[in-house]
Amino acid sequence: MVQGKKPKLAVWKFASCDGCQLSLLDCEDELLAVADSIDIASFPEATRAFKKGPYDLSLVEGSITTPEDAERIHQIRRQSKFLITIGACATSGGIQALRNFKDVKEFISIVYAHPGYIQTLKHSTAIADHIRVDFELRGCPVDKMQLLEVINAFLNGRKPNTPAHSVCIECKLRGNVCVMVAHGTPCMGPVTHAGCNAICPSYNRGCYACFGPKETPNIPSMGNVLEDKGMERENIVRAFRSFNANTKAFQKGARDYEKD
Amino acid sequence: MASSPRIGAKYTLDREALQNLIVELTDSGYQVMGPTMRDGAIIYDAVRSIADLPEGWTDDQEGGTYRLEKRLDNALFGYNVGPHSWKKFLFPPRQKLWTAKRSDQGFEIHPEEEEPLRYAFLGVRSCELHAIAIQDKVFMEDAYVDPVYKARRENLLIVAVNCGQAANTCFCVSMNTGPEAKAGFDLALTEVIDNDRHYFVAEAGSERGTGLLEKLSFESADSQEEAAANAAVNRAAEQMGRTLNTQGIRALLQDNPDHPRWDDVAKRCLSCANCTMACPTCFCSTVEDVTDLSGDHAERWRSWDSCFNLDFTYMGGGHTRHSFKSRYRQWMTHKLSTWHDQFDTSGCVGCGRCITWCPEGIDITEEAAAIRKTPKSQEKKK
Ligand code: SF4
Ligand code: SF4
Ligand code: SF4
Ligand code: SF4
């Protein structure tokens, strides 16, 4: 930990719902300790106060969807010693990356009265597609304990404990009964990155893959299993095309089932 | 009432005696763990009375599926093994190993001391007794004894139950691990439902077991009752849903690392690790170090790990088992083959959990049979 001077933290927002920043606010008790250990220089969800860079740690929420943002992220990188992206939007492009598979101009013409004022990119992309990122924390939203763990690890100069294995492991460690095997409920756990502590299977629901693909997901096999559990092809496309639709692995899953 | 119970002799207990057994164990300071229903499965958890047991239920198991079904009778143990195994009590999924505190000279380590838990397991199947015996070797033999496991294991009291039926995924007969409990228990029960009579044929396997019987109302089993118990076990042996030919399997798998079957199973394997989590003999773990924000306190935690995880083989130079093929092959070859080299026993007891709880329904017996069918090593020799 940096002795004497508190490290300067900045939280940045791009295209997102603010849910990940809220996860940080949600840490109430723990946040007091965080605020003790770091100098919060910018955190739009929490305070209007703003201190100029450079920053020791930048947390970036949201994806890149506009030409301005594609510029702004480079400025932030230049001012940040360490940059961590948080959440599905920042790490994969988020739910707004569904536009990547359609014609965005068409959406604009339907949604906005004066489409001419709208400047947007054709694709929603992860921060790491634009700049070098030091660490990516997954989840839609991120898990608050994992977020604290990442900040904690940064402060102590150690590696964060955020395993990249399947949700199934968390599910089994909790002693859950597998919803797929025992109830026939389709579950994305076998291809999904751990981090939520298997929250949906713990309430007898299938995993929605909020944390995106695990280290080495076997996508074709997952598709077969879902089909075997009675999931329609179009719903398999949807299962892959959610918050992490733009990841390579899930793009493939959806594409395979879009074709007849 | 018969004279003092002896080890190895057969006695009968009725349902009430079983209830008294649970009470007796609880009163003597044991935490009684046994089968109970939760979320559509029979799992292992605290059992306070026979009302907690899955009376009148059974399980229907196949590769990748498990369903509870009503039985036509009111058997208390009329099912086979479920998603949990006893290892979760002896080798907990997550365990704090030590805490450390920063000091002037560096840091001090304080090992985690736990009040040794006193468990009594009720309803341990023969395959599971063998699994516990295997984990005993892993955790308590040789130089590196696991203190948590050892403390819990030494206090453990085991009431086994002989299977009166087998699941479609069972293959203990092949592995020579069941269905009858032969050793490693304090008490073993065989449930008999004979028209209107519902009783248990009991055998003590230790002095703790005879001591327990003494406190219950028991009768010496007559030849008819003994025959009924034997018939139940024979029925289970005949119902084995799977077989695994173990002859020469050690060499077979070690000689066939490039068999094309590994590529086939790799297409199906999700590397999700459910098989290893459910397996009662898998013992791998990883450790995580955590700190508080100040960095003045640290803890080391151990949790179950799996050879199906990429990080399992992370070393200085990177990961070594990238492919699904290398991971599945490692797991199955270890279970059925190199385990013999390492621990002088098979790593598989034929409980079938890895088959049932694999979302893809990958079947270790089917994979082993496929390799046996066209062993590459023989082709080379020709
Ligand atoms: S419920 Fe889902 S996450 Fe849990 S073990 Fe089954 S497939 Fe995996
Ligand atoms: S494998 Fe054998 S001992 Fe184990 S549950 Fe099945 S029948 Fe019983
Ligand atoms: S390998 Fe499969 S069948 Fe064998 S002991 Fe493990 S879970 Fe049971
Ligand atoms: S064999 Fe089945 S349970 Fe095991 S890792 Fe592969 S898919 Fe998962």
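User: Which domains does the domain assignment of chain A give?

Analyst: This is a predicted model, where local features need pLDDT of at least 70, side-chain atom pairs count only at pLDDT 80 or more, and totals for chains, interfaces and linings use all residues. Residues are numbered from 1 along each chain as its sequence is written, chains are lettered from A and ligands numbered from 1 in the order in which they are written, and side-chain values use heavy atoms, leaving out hydrogens and water. Domain bounds come from an automatic or database domain assignment, which for chain A gives domain 1 (8–155) and domain 2 (167–255).

User: How far apart are the C-alpha centres of domain 1 of chain A and domain 2 of chain A?

Analyst: Let's begin with where they meet: 16 residues of domain 1 of chain A are in contact with 14 residues of domain 2 of chain A, contact meaning heavy atoms within 4.5 Å. Between the C-alpha centres of these two domains of chain A, the distance is 25 Å.

User: What area is buried between chain A and chain B?

Analyst: Here 39 residues of chain A are in contact with 45 residues of chain B. Buried area is the accessible area (1.4 Å probe) that two parts lose on being put together, summed over both. Carbon and sulfur atoms give 56% of the area buried between chain A and chain B. The whole of that buried area is about 3,100 Å².

User: And in chain A, which residues lose the most area to chain B?

Analyst: Three residues of chain A stand out, together giving 21% of what that side buries. They are Lys172(A), Leu173(A) and Val181(A).

User: Which element gives the most residues to the shell around ligand 1?

Analyst: Ligand 1 lies between chains A and B, and the residues surrounding it (a heavy atom within 4 Å) include Cys168(A), Cys171(A), Lys172(A) and Asn274(B). Helices here are DSSP runs of H or I with at least four residues, strands are runs of E with at least two, and both are numbered from the N terminus. Two elements of chain A give two or more residues to this shell, helix H7 (167–173) and helix H8 (179–183). The one giving the most, with 4 residues, is H7(A).

User: How many charged residues does the shell around ligand 2 have?

Analyst: Cys127(B), Met240(B) and Gly350(B) are among the residues around ligand 2. Ala, Val, Leu, Ile, Met, Phe, Trp, Tyr, Cys and Pro count as nonpolar, Asp, Glu, Lys and Arg as charged, and the others, Gly among them, as polar. On that basis the shell around ligand 2 has 9 nonpolar residues, 3 polar ones and, for charged residues, none.

User: How many charged residues does the shell around ligand 3 have?

Analyst: Ligand 3 has Trp331(B), Lys335(B) and Arg353(B) among its surrounding residues. Helix H11 (324–343) and helix H12 (353–356) of chain B each give two or more residues to this shell. By class, the shell around ligand 3 has 8 nonpolar and 2 polar residues, and its charged residues number 2.

User: Is Ser303(B) buried or exposed?

Analyst: Ser303(B) is found in strand E14 (residues 297–304) of chain B. Leaving aside neighbours within four places in sequence, Ser303(B) is in contact with residues of both chains, including Leu173(A) and Arg94(B). Buried means under 20% relative accessible area, exposed over 50%, and partly exposed in between (1.4 Å probe, protein chains only). Because its relative accessible area is 7%, Ser303(B) is buried.

User: Which residue does a cis peptide bond join to Gly53(A)?

Analyst: Most residues other than glycine have a negative phi, and most peptide bonds are trans. With omega about 0 degrees, the bond joins Gly53(A) to Pro54(A).

User: What is the phi of Asp142(B)?

Analyst: Asp142(B) sits in the loop between helix H3 (126–140) and H4 of chain B. Its relative accessible area is 70%, so Asp142(B) is exposed. Phi is positive in this residue, which is not a glycine, with a value near 65 degrees.
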